[in-house]
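Have a look at the picture first, then read on.

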Amino acid sequence: MLFKKFYVLALLSMASYTLNAQYTEVINSNRPGVSRSAFSVGTNVLQLEVGPYMVKEKHTPLNYEVSGFGVDFATRYGMLLPQLEINIEGTYQSDTFTDNRSTVGLDTDRSNFKNIVFGAKYLVYDPLKNAEEEKPNIFSYHANRKFKWSSLIPAVALYAGVNLDGKDNPYTAPGIEGFSPKVMIATQNNFASGWVLVLNFSKDRIGTEYSDFQYIATVTKSVADQWVLFGETQGIHSDFYADNLFRFGGAYLWGKNFQLDTAVTFNTKDTPSVFSVNFGASYRFDFHKDPVDNGTSAEDEAERKANKKRQKDNKKANRSSQKREKETKVIDFDDN
């Protein structure tokens, strides 16, 4: 048990270091919630995130129902700088809209992208970047897990993107089509004991008649080496649609590059009521190489430096030996 606790502390210490470099040893997915982390996937990392879902909606005042399925998707890539990530995100849905205002319900089949956005995210502030690395207390497991006031300072990232909306889309407001900007601020706090808080504040479809404001708050908690639980609330405010959604679920780390997840989404109103269940997966193609190794492993780099030092020491030793030989020859000549 003592060894296991020490192992966890070592992982936490490594996590604090890797966050500074963006790149992490294991996959860092935005799923299963819909909030966006402040950190990128890391340079030369390509990450795919996808989540099929089933949805059921019922609008009591307008007397209609929606039943169908869809898929959330995202492609993320870290390029040029450790802080920079470019991405494509969207949702495609296919459902049946049933109008129950007449004696016999009238069904209408619908399918389209609810949204598709091309964007980029940049980490503008990392509180751990210039902070001195805190060494773990190997004598106290609880001392390393206690609350630290410095953890209240979040990492901050800025996001800018462009929506692409098709004409006559049943999932968007009337008149919404073409290109429109989206901006967002994302913050992230990494607390002790595996707690993480992510906050998003976004303004979407800027410049259109039905621009909306959204906020998302996500709390995650690692409960084992491979399991994470999460809870999330999302607020949407616009003249076309307003809602407060709640999500709960978890994720399982299958391998360092592969994650599975599931979540349920619901609200507490009937204009309309929403219930959705999703199952998702995230996979990364890791082409990342640390700048320090120039394409070699850390062990090879350490051995290279050791060899260079030995060569330097050998040269010094040879020069000292040659100098002593010259001095000896001078002394011998004088004696003769």
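Strand β9 (residues 227-237) runs antiparallel to strand β10 (residues 243-255), and 10 bridges link the pair. Strands here are DSSP runs of E with at least two residues, numbered from the N terminus, and two of them pair if DSSP finds at least two bridges between them. To get from β9 to β10, the chain takes a hairpin of five residues.

## How to read the model

This is a predicted model, where local features need pLDDT of at least 70 and side-chain atom pairs count only at pLDDT 80 or more, while totals for chains, interfaces and linings use all residues. Residues are numbered from 1 along each chain as its sequence is written, and side-chain values use heavy atoms, with hydrogens and water left out.

## A cavity

There's one cavity of 30 Å³ or more; a cavity is a set of points, on a 1 Å grid over the protein atoms alone, where a 1.4 Å probe fits but cannot get out. Its lining residues (those with an atom within 4 Å of a point) are Asn30, Arg36, Glu85, Asn87, Glu89, Lys121, Tyr159 and Met184. Strand β3 (residues 84-99) gives the largest share, three residues.

Technical notes: 1 Å grid on protein atoms, 1.4 Å probe; cavity = no way out; pocket = protein on both sides within 12 Å on 5 of 7 lines; lining within 4 Å. Points joined across faces, edges and corners; volume = space filled by probe spheres on them. Helix = DSSP H or I, 4+ residues; strand = E, 2+ residues; numbered from the N terminus.
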